[in-house]
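Dear colleague,

Please find below the structure I promised to pass on, together with its sequence. My notes on helix packing and salt bridges follow it.

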Amino acid sequence: MSIADNLKIIEERIKAAALRAGRDPATVRLVAVSKTQPAALVSAAALGGQRLFGENYVQELAAKAVEVKERVEWHFIGHLQSNKVKQVAGLVTMVHSVDRLSLAQEIDRQWGRLGGVCDVLIQVNIACEASKCGTTVEELLALASAVARLPHLRVRGLMTMPPFFDDPEGARPYFRELQRLAAAIAAEGLAGVEMVELSMGMSGDFEVAIEEGATLVRVGSAIFGERHYR
Ligand SMILES: *Cc1c(COP(=O)(O)O)cnc(C)c1O
């Protein structure tokens, strides 16, 4: 199977899941997660019609962005160290993984230098797993309102990574909880906070995530195959 074939299959599954949930398939965007994959595979996916890619590592992204000649859009989806924000400023159009105010402040500073605005999602660690990043549910509202006051970023929604389950149904309560949290924050009516994006769902569970309201699904291995760990 080629990458273009895989993309077609994933797009079909996204569409079917959206329709099943009574949603317009156009409200779900596929983020092709290309971490550890060579630039040539990103180009292959881009030639297959994919525009949006997600990356987790700053150096890798910076190098790949130079190599990929097709017109693509990058989202940063991994843990981001504040001292590396400068290297992705202006390169990515969205950061899915804002989990602390100091990171948001650095994003604000770097995008401010460029005279731009960065779309961000707040990453929530719903299961409170020590191994995962994300703010706690308790701190979420305070963080969202503090981040919203920064002029060079826009809070667009929430992101989560639930614990791993063999059965994708296991992730459903976490997806549902993220949707509930987004609605609760939206109800606060904070200036500068829009809750229009829910980034949730990966290769093993994106259909369940779509049924629970995902607008951005982050799919890697189902498109590119096994990851090439460095
Ligand atoms: C790697 C990664 C993905 C994609 O995972 P797959 O199971 O390969 O689809 C999605 N989101 C984040 C944050 C990741 O790090």
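Helix H6 passes helix H7 in a right-handed crossing in this predicted model. The two helices, H6 (residues 137–148) and H7 (residues 172–188), pack at an angle of about 35 degrees, and their axes are 11 Å apart. On the H6 side the contact is made by Val137, Leu140 and Leu141, and on the H7 side by Leu181, Ile185 and Glu188. Sorted by class, this contact has five nonpolar residues, one charged residue and no polar ones.

As regards salt bridges, the count comes to 15. One of them joins the side chains of Arg154 and Asp119, with an N to O distance of 2.7 Å. Arg154 belongs to strand S6 (residues 153–160) and Asp119 to strand S5 (residues 118–124), so that the pair links parts of the chain 35 residues apart. Arg154 is partly exposed at 37% relative accessible area, whereas Asp119, at 15%, counts as buried.

Arg172 forms a salt bridge with Glu211, the closest N and O atoms being 2.8 Å apart. Arg172 is buried, with a relative accessible area of 15%, and Glu212 is buried at 9%, while Glu211 is partly exposed at 27%. These three residues belong to a salt-bridge network that also includes Arg20, Glu169 and Arg176.

With kind regards

Terms used:
Residues numbered from 1 in each chain as written. Predicted model: local features only at pLDDT ≥ 70, side-chain atom pairs only at ≥ 80, totals over all residues. Heavy atoms only, no water. Axes fitted to C-alpha atoms, helices over the stretch in contact; angles between N-to-C directions. Helix = DSSP H or I, 4+ residues; strand = E, 2+ residues; numbered from the N terminus. Left-handed = near helix turned anticlockwise from the far one by under 90°. Contact = heavy atoms within 4.5 Å. Nonpolar A, V, L, I, M, F, W, Y, C, P; charged D, E, K, R; others polar. Salt bridge = Lys/Arg side-chain N within 4 Å of Asp/Glu carboxyl O. Buried < 20%, exposed > 50% of the residue type's maximum accessible area, 1.4 Å probe, protein only.
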